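Look at the two chains shown below and follow the text from one chain to the place where the chains meet.

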Amino acid sequence: MKMDPAICDPTLVNRFFDQELGPDEYALMSEHIKHCPSCQKALQDAEAISALFGTALDKELSRAKLERVEVRVLAFIHRTKTPWWLKLGHLFVAKRFYVPATAVIAGLILYFSFLAPPTSVSGPSAIINSLKGNVGSVMILETPKSHQTILWFSEPLMSGDEDNGIEENQSTVSTYSKRLCLMS
Amino acid sequence: MTRFKKLHLLLLLVVLTGVLAAPIRAERNIDVVVKTVLASHGAKYFDPRLSSVIEELQSVFRYSSYRLLSQDRTNLRVGETGVVSLPGNRILKITPMGVTENRVELRLVILKKRRAVFETVIQLLNHGSIIVGGPKHKDGSLLFNISASF
């Protein structure tokens with residue numbers, strides 16, 4: 001076979017050895033190497049170097065203590081761990097945080113705006129602005145615990161009262177009578 | 001528009017609704033509840049439906065019996081008058097006069113046989129109550145626990 005100086009190239013031999021050539025190139029190179037002593041030599045050198053590295057690598061790997069390597073790698077990762085304040089920052093900008101947080105805030109605002117009764121009471125439950133009527137007496141009281149306002153009045157007697165029953169207080173009757181006399 | 005943007009827009013709307021709710025609440029109706037109670041010195045009886053009221057009353061009065069006679073609920077706008085029938089030919093007229101920050105101004109008129117015997121104007125706390133009492137009935141006294149919320 002006629003020698004092709006373009007094919008007789010150590011780079012091509014190396015690519016042939018590494019099986020990086022296309023099918024056509026590979027077939028051409030394979031045929032060329034059969035008849036080219038310099039390329040055969042280059043191929044043998046490549047095989048020898050590869051074998052040498054492969055053996056040395058296997059030897060080194062068998063010597064290596066991978067457990068220690070693992071410990072060192074984990075220690076390195078631990079040292080370079082993100083600080084808590086940065087993690088907190090990341091949490092606040094994360095959608096998984098602020099979307100539910102906004103929902104909770106919105107819910108609380110709605111609850112306290114429409115549903116929740118006021119939790120603290122300031123002053124009496126009721127402030128009396130004015131009072132008038134045909135009553136005997138009026139008392140305004142306030143309970144000590146929850147400042148509940150109590151407005152207590154005694155009703156005047158009216159003719160035909162039926163609900164007062166037989167226990168109608170005679171002294172009250174006389175008091176009203178006296179007041180009526182005084183007024184007249 | 002992405003799903004998250006839509007969600008944010010919705011949440012923003014909810015927040016704004018809540019913030020702007022305060023003035024809207026002032027326009028709302030006033031829910032008034034009147035509990036008519038007969039307090040007497042008879043056999044000891046505390047109506048379980050009045051447990052919270054009785055606790056307060058016991059700190060001031062010495063009645064041994066508190067019996068719930070009726071409970072009326074009415075929903076009123078400002079200026080509107082609600083009427084509640086009370087025992088002994090009595091009527092209670094309730095008129096909300098206005099709403100301030102946390103109180104409602106109520107005009108209360110008690111009529112007996114169509115004649116006004118008692119009239120008062122009070123400012124009642126939102127979710128608060130007042131006890132108006134004194135009229136004799138049967139063997140005891142009538143108490144009217146009037147509460148309002150808006």
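A residue is called buried if 20 or more other C-beta atoms lie within 10 Å of its own, exposed if 12 or fewer do, and partly exposed in between, with C-beta atoms placed from the backbone. Of the 184 residues of chain A, 9% are buried by this count. The model is predicted, so local features need pLDDT of at least 70 and side-chain atom pairs pLDDT 80 or more, while totals for chains, interfaces and linings use all residues. Residues are numbered from 1 along each chain as its sequence is written, and chains are lettered from A, ligands numbered from 1, in the order in which they are written.

Chain A has seven helices and three strands, where helices (H or I, at least four residues) and strands (E, at least two) are DSSP runs numbered from the N terminus. Along the sequence their order is α-α-α-α-α-α-β-β-β-α.

Two strands pair if DSSP finds at least two bridges between them. In chain A, β2 (residues 138-142) and β3 (residues 149-153) run antiparallel and are joined by five bridges. A:Leu141 of this pair stands opposite A:Ile150 in β3(A). Six residues lie between the strands of this hairpin, and A:His147 has a positive phi near 55°.

Strand β1 (residues 126-132) of chain A pairs with β7(B) instead, antiparallel and over six bridges. There, A:Ile128 has B:Ile122 as its bridge partner.

Contact means that the C-beta atoms of two residues, placed from the backbone, lie within 7 Å. By this rule, 40 residues of chain B are in contact with 43 residues of chain A. On the side of chain B that touches chain A, α1 (3-19), β7 (115-125) and β8 (128-137) each supply at least two residues.
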